[in-house]
Amino acid sequence: WFLMSKNIHGLFMGTFPWLSFNSVSMIILVIFSFLIIKKVIERRFAYLIIIWISIYILFFSSYSKIVSEYYLNGMTVIWILIFSVFISHLLDNINLRHFGFMILSLFFVFNLNKFFSYKINESGYNQRKDIVANRFG
């Protein structure tokens with residue numbers, strides 16, 4: 001659960017510590033439940049999503065090696081799907097449209113900030129070539 005929550009948090013919150021890993025995961029699960037109750041997601045499709053998540057949880061619960069969070073990236077599709085369907089539902093509803101635009105705007109600003117402030121690991125070919133040139137040049 002922790003690694004899955006960490007992936008969901010990283011996808012939607014990045015490095016911002018506003019909400020805990022578990023809080024973001026619970027919000028996504030509440031949104032998923034809301035979409036099922038409101039019949040935005042068909043019951044058959046919801047079963048498919050639940051089976052997809054369950055397969056990952058069951059497999060990696062019985063996996064004997066240490067599980068890394070990138071092993072769970074196959075579930076990222078599900079989280080993006082739930083978020084996208086939720087936003088689409090908000091934008092289609094006249095009374096909730098402003099809320100949908102607000103979430104999209106925050107998501108856009110958050111990702112724009114992340115894009116321009118993310119530290120790039122400078123250990124690539126050009127950096128190593130410069131080190132060698134400076135050392136022996």
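Student: What does F34 count as, judged by its relative accessibility?

Tutor: F34 has a relative accessibility of 27%, so F34 counts as partly exposed. Keep in mind that this is a predicted model, where local features need pLDDT of at least 70 and side-chain atom pairs count only at pLDDT 80 or more, while totals for chains, interfaces and linings use all residues. Residues are numbered from 1 along each chain as its sequence is written, and side-chain values use heavy atoms, with hydrogens and water left out.

Student: How many helices and strands does the chain have?

Tutor: Helices (H or I, at least four residues) and strands (E, at least two) are DSSP runs, numbered from the N terminus. Here there are six helices and zero strands. Read from the N terminus, the elements run α-α-α-α-α-α.

Student: Why does the pair of F83 and F107 count as tilted?

Tutor: The planes of F83 and F107 stand at 45°, so the pair is tilted, and the ring centres are 5.2 Å apart. This pair also links distant parts of the chain, with F83 in helix α4 and F107 in helix α5, 24 residues apart. F83 counts as buried at 16% relative accessibility, whereas F107 is partly exposed at 26%.

Student: Back to F86: what is it in contact with beyond its neighbours within four places in sequence?

Tutor: Contact means heavy atoms within 4.5 Å. With those neighbours set aside, F86 touches I31, F34, L35 and I103. For the chain as a whole, look at contacts with a separation of 6 or more: 52% of them join residues 24 or more positions apart.

Student: Which residues touch the most other members of the largest nonpolar core?

Tutor: In soluble globular proteins, nonpolar side chains tend to be buried together. A nonpolar core is a set of buried Ala, Val, Leu, Ile, Met, Phe, Trp, Tyr and Cys residues joined through side-chain atoms within 4.5 Å. The largest one here has 17 residues, and W79, I82 and F86 touch the most other members. Two or more of its residues come from each of α2 (21-37), α3 (43-62) and α4 (76-92). Helix α4 gives the largest share, seven residues. Across the chain of 137 residues, 24% count as buried.

Student: Which side chains meet in a salt bridge?

Tutor: Side chains of opposite charge can pair when their charged atoms come close. A salt bridge is a side-chain nitrogen of Lys or Arg within 4 Å of a carboxyl oxygen of Asp or Glu. The structure holds one, between R44 and E42, at 3.1 Å from N to O. R44 is exposed, with a relative accessible area of 65%, and E42 is partly exposed at 49%.

Student: Which residues form a nonpolar patch on the surface?

Tutor: Patches are made of residues with over 30% relative accessible area and no salt bridge; like charges are joined within 9 Å, and nonpolar side chains (Val, Leu, Ile, Met, Phe, Trp, Tyr) within 5 Å. Areas come from the Shrake-Rupley method with a 1.4 Å probe, and for residues only the protein chains shown count as cover. Here F108, V109, L112, F115 and F116 form a nonpolar patch, with about 600 Å² of accessible area together. One member, L112, lies in helix α5 (residues 97-117) and is partly exposed at 38%. The chain exposes about 10,200 Å², and carbon and sulfur atoms supply 67% of that.

Student: Where is K39 found?

Tutor: K39 is in the loop between α2 and α3. K39 is not a glycine, yet its phi is positive, about 60°. K39 is also exposed, at 67% relative accessible area.

Terms used
Buried means under 20% relative accessible area, exposed over 50%, partly exposed in between (1.4 Å probe, protein chains only). Rings of Phe, Tyr and Trp (its six-membered ring) pair if their centres lie within 6.5 Å; planes under 30 degrees apart count as stacked, over 60 as edge-to-face and the rest as tilted.
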